[in-house]
Amino acid sequence: MAKHHYSRTLIAPVFYTIQIDIAYGFTGKLHKNPRKTVKIYALVIVCMQTSATNILAMESIDTQSVIAAIERHAARYGMPAEVYVDNGSQLKALDKYEFSIRDMDAQVYDSRGIRVVVSTAKSHQERGRVEVKV
């Protein structure tokens, strides 16, 4: 039997362990000024257990935009526990951030951290699920 990462056989909700990457090269038109085009980036989030994919639009590729996209993702599917990223600087900085989460009983859980695992540079086979989607 082939060697699998432990997260592939973990019994957990969808998007508990994820791989993320940023896709480039999209343009969009503004609602107020439809003649003007702007660059749009996509944050591709892939679940490691089910290969479910969520693609979120971002205005820029800085760390704040990535955090905002992950918070939008967490509002729909829950906050991930582990995030596997490539060697991009805005993605490596995710381990320094802490999130505040409000549950269904309106209790706030502060300092909810995410475990960030960074792959080596130019190593597409380590993050194959997200690289196939991009």
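Thr37 sits in strand β2, which covers residues 37–47. The model is predicted: local features need pLDDT of at least 70, side-chain atom pairs count only at pLDDT 80 or more, and totals for chains, interfaces and linings use all residues. Residues are numbered from 1 along each chain as its sequence is written, and side-chain values use heavy atoms, with hydrogens and water left out. Helices (H or I, at least four residues) and strands (E, at least two) are DSSP runs, numbered from the N terminus.

**Thr37**

- Thr37 counts as partly exposed because its relative accessibility is 49%. The cut-offs are under 20% relative accessible area for buried, over 50% for exposed, and partly exposed in between (1.4 Å probe, protein chains only).
- Beyond its neighbours within four places in sequence, Thr37 is in contact (heavy atoms within 4.5 Å) with Gly28 and Lys29.
- Thr27 lies 10 residues from Thr37 in sequence, and their C-alpha atoms are 6.3 Å apart.

**The sheet**

- An open sheet of 5 strands runs in the order β3-β2-β1-β4-β7, with mixed pairing. Strands β3 (53–58) and β7 (115–118) stand at the edges with a single partner strand each, so one side of each has no neighbour in the sheet.
- On average, neighbouring strands of this sheet are turned by 30 degrees against each other, direction ignored. Axes are lines fitted to C-alpha atoms, for helices over the stretch in contact; angles run from 0 to 180 degrees between N-to-C directions.
- Strands of a sheet pair through backbone hydrogen bonds, either parallel or antiparallel. Here, two strands pair if DSSP finds at least two bridges between them.

**Partners of β2**

- β1 and β2 are antiparallel and share 10 bridges. Asp21 stands opposite Val44 of β2.
- β2 and β3 also run antiparallel, joined by 6 bridges. Ala42 has Ala57 of β3 as its bridge partner.
- The hairpin of β2 and β3 has 5 residues between the strands. In this hairpin, Ser51 takes a positive phi near 65 degrees.

- Side chains alternate along β3. Asn54, Leu56 and Met58 point to one face and are buried.
- Helix α1 (residues 63–77) lies across β1 (17–29), β2 and β3. The helix runs at about 140 degrees to β3.

**Whole chain**

- The chain has 3 helices and 7 strands. From the N terminus on, the elements run β-β-β-α-β-α-β-β-β-α.
- Of the 134 residues in the chain, 37% are buried.
- Among contacts between residues at least 6 apart in sequence, 58% join residues at least 24 apart.
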